[in-house]
Amino acid sequence: MIQKLIALPFEKALQAIGVQEHVQLNFEIPKVSSHGDLSVNIAMVLAKKLGKSPRIIAQEILDNLTFEPNIISSVEIAGAGFINLKYGPGFYIHALSKILLLGETFGKSDEGTGKKVNVEYVSANPTGLLHIGHGRNTAIGDTVANLLTWTGHEVVREYYFNNAGNQMNNLALSVYARYRQAAGDVDYAFPEDGYHGSYIRQIADELVIQYGNSLGENSKENLEICKLAGEKWCFAAIMKTLQKMNVHQDVFFNEDSLYHDGKVQRVIDDLRAAKLAYDQDGAVWIALSKLDEKLTDRVIVKSSGEPTYRLPDIAYHRDKLERGFDQIVDIFGADHIATIPDVMAGVQALGLDSSKIKVLIYQFVTLTENGEQVKMSKRTGNSYTLDDLIDELGADVVRFFFIMRGVNTHLEFDLALAREQGDRNPVFYLQYAHARITSIFTNAAENGISNTGSVDFSLLNHPAEYNLIKTLLRFPEQIKKSAQNLEPQILVEYLREVASCFHVFYHECPIMKAENELRSARLSLLKITKITLRNGLSILGVSAPDKM
RNA sequence: GCGCCCGUAGCUCAGCUGGAUAGAGCAACAGCCUUCUAAGCUGUGGGCCACAAGUUCGAAUCUUGUCGGGCGUACCA
């Protein structure tokens, strides 16, 4: 809209003053409303190129700039050479009418139409329950997937299921030890770095019920039984937690399939063929230093014959790329930072375009309560699980808290604050706005008032109304920004602003008591606000309650 | 040692693809319900944007260095 109505006249004016090449027009919304509704810094950008002062250039542009007065009511030069515009009533009428037509689709864009994107998140090993860190991963991943969907991408939500490798053996040994103990061998030694959580005992108890004492030896077969039982139990528990969090993924990709399908072997073969893998000390190495001098060679198959994590990771990313995605997004915790360049280089070495892979790193979560840190020890098994958190706080609060800070900053999750059902809790601020609006519509319906007829938006000229309208108009652009930066928090901050503008409007402008025409216009504005909040909250995966 | 992230109000954090007077929530204090949900609104106080140089018309934002905190740095994942 800005494009059609405002950018075009600018481009014409630039041509008129002899600027031939294309220059990027940056429209921004000034922080201070006295600087207008829209500000352009083009004169400053051109100052050096044209060898004139910004204010003179601005004046020249202005002399060649014509707008329909109904759309732009005033144009001014200010400060060092900013060109400030003010919207006219026609602009608002045009924009608001359009949003009403869009309704449930307001905010959607076609940026990503035709692009297939894979978003991989959660991807917790099936060796235990989801903890707080997984919670942040999950909330970020699901919201990013929603954002990409809203910007037109075709999104596949994927869970990489690490059911191979060392940690699974560890799980098997842990379950087996608890099984022996439960089956009567009370002093059976528990592996030193085994999984200490109480859930392991549950799995073992179920094995006792099923097999009695018959799993005697820690033979390969018996450990396999323990492993499968553990995997199955953990997967079921994880799925239950994800459901509670309203997360539903499309693809569960099993790591072990990479071995069964020969995809891991194919990576080794291809790397060898390209002279990028070699044998040394009984292990197979990948020659990363040949790909990038900043990297060092790494082992991909240990001398024991077991692959290291890098190898299946490379095979997995190759598989994703070969499935034809235009973009691949991985959501990883900060502890994975070091491995990313290796995997990227490996993918590149296989002749694939690793720039399609975007890795979103989130920093760690600290759980606090009244300023004191709550310990989350995995070893002792006394960790605060994600499940506990959802049961205590509800999915809305949990999801919101995990995305309300920038992905790249350490997140302090304040349990005491999250527990509050009152005005200190930031989730309710947004939801309350939605509930208040619904309540007004209920009230209107009870009084037989509907606003189905034609609406005269030009009646809305209270400052609180202007602020709300201007904020609402930014919704699609904010979703795009949030999606492009893979940063849910941008949308969170924006919605908070919408809610804030609404609450002020609600306070300043009576709706039901206004005269018919004005009431009708205000009800329509409320409708748009409600649509925006509801659409925005749905992207965050947070409910928009009608009553609170 | 090396790599990545962070350092902004008392606390938790926005702003960081350079722009005009650095913002919000909470906490503190003072107001607003005979009126559509007070889970709301209004006002006050609170800052060497960690520190130091550099880049330019202009720096919280970009570059370099220093200090402080976090996470990594395996034939663990």
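# RNA strand B and the domains of chain A

Biologist: Which residues are closest to RNA strand B?

Modeller: In this predicted model, 60 residues surround RNA strand B. The closest of these are Phe82, Lys302, Tyr432, Arg436 and Tyr506.

Biologist: Which part of RNA strand B, sugar or phosphate on one hand and bases on the other, holds what percentage of its atoms within 4 Å of the protein?

Modeller: The atoms in question are those of RNA strand B that lie within 4 Å of the protein. Bases account for the rest once sugar or phosphate is counted, and the share of sugar or phosphate is 66%.

Biologist: Which element gives the largest share of the surface near RNA strand B?

Modeller: Elements that give two or more residues to this surface include α2 (42–50), β4 (82–87), α6 (166–182), α17 (426–446) and α20 (488–508). With 8 residues, the largest share comes from α17.

Biologist: How many residues of the surface near RNA strand B are charged?

Modeller: By class, this surface has 23 nonpolar and 21 polar residues. Its charged residues number 16.

Biologist: What distance separates the centres of domain 2 and domain 4?

Modeller: The domain assignment places domain 2 at 116–161 + 248–362 and domain 4 at 426–540. Taken over C-alpha atoms, their centres are separated by 42 Å.

Biologist: How many residues does each of domain 2 and domain 4 bring to their contact?

Modeller: The contact draws on both domains. Domain 2 gives 11 residues, and domain 4 gives 11 residues.

Biologist: What area do domain 2 and domain 4 bury between them?

Modeller: Interface size is often given as the accessible area lost when the parts come together. Of the area buried by domain 2 and domain 4, 81% is on carbon and sulfur atoms. On the domain 2 side, Thr143, Leu147 and Trp150 supply 53% of the area buried against domain 4. The area that the two domains bury between them is about 1000 Å².

Biologist: How many salt bridges does the rule find across the interface of domain 2 and domain 4?

Modeller: Across this interface the rule finds 1 residue pair in polar contact. For salt bridges between domain 2 and domain 4, the number is 0.

Biologist: Which element gives the largest share of the side of domain 2 that touches domain 4?

Modeller: Two or more residues on this side come from each of α5 (132–150) and β12 (357–362). The largest share, 7 residues, comes from α5.

Biologist: By about how much of a helix are Glu224 and Lys227 separated?

Modeller: Glu224 forms a salt bridge with Lys227, with the closest N and O atoms 4.0 Å apart. Both belong to helix α8 (residues 220–244) and are 3 residues apart, so the separation is about one helical turn.

Biologist: What distance separates the C-alpha atoms of Leu223 and Tyr176?

Modeller: Leu223 lies in helix α8. Leaving aside neighbours within four places in sequence, Leu223 is in contact with Ala172, Leu173, Tyr176 and Asn218. Leu223 and Tyr176 are 47 residues apart along the chain, and their C-alpha atoms are separated by 6.6 Å.

Note on methods. Residues numbered from 1 in each chain as written. Chains lettered and ligands numbered in written order. Predicted model: local features only at pLDDT ≥ 70, side-chain atom pairs only at ≥ 80, totals over all residues. Heavy atoms only, no water. Near = heavy atom within 4 Å. Helix = DSSP H or I, 4+ residues; strand = E, 2+ residues; numbered from the N terminus. Nonpolar A, V, L, I, M, F, W, Y, C, P; charged D, E, K, R; others polar. Domains from an automatic or database assignment. Contact = heavy atoms within 4.5 Å. Buried area = accessible area lost by both parts, 1.4 Å probe. Salt bridge = Lys/Arg side-chain N within 4 Å of Asp/Glu carboxyl O. Polar contact = N/O pair within 3.5 Å; in protein donor to acceptor, adjacent residues only side chain to side chain.
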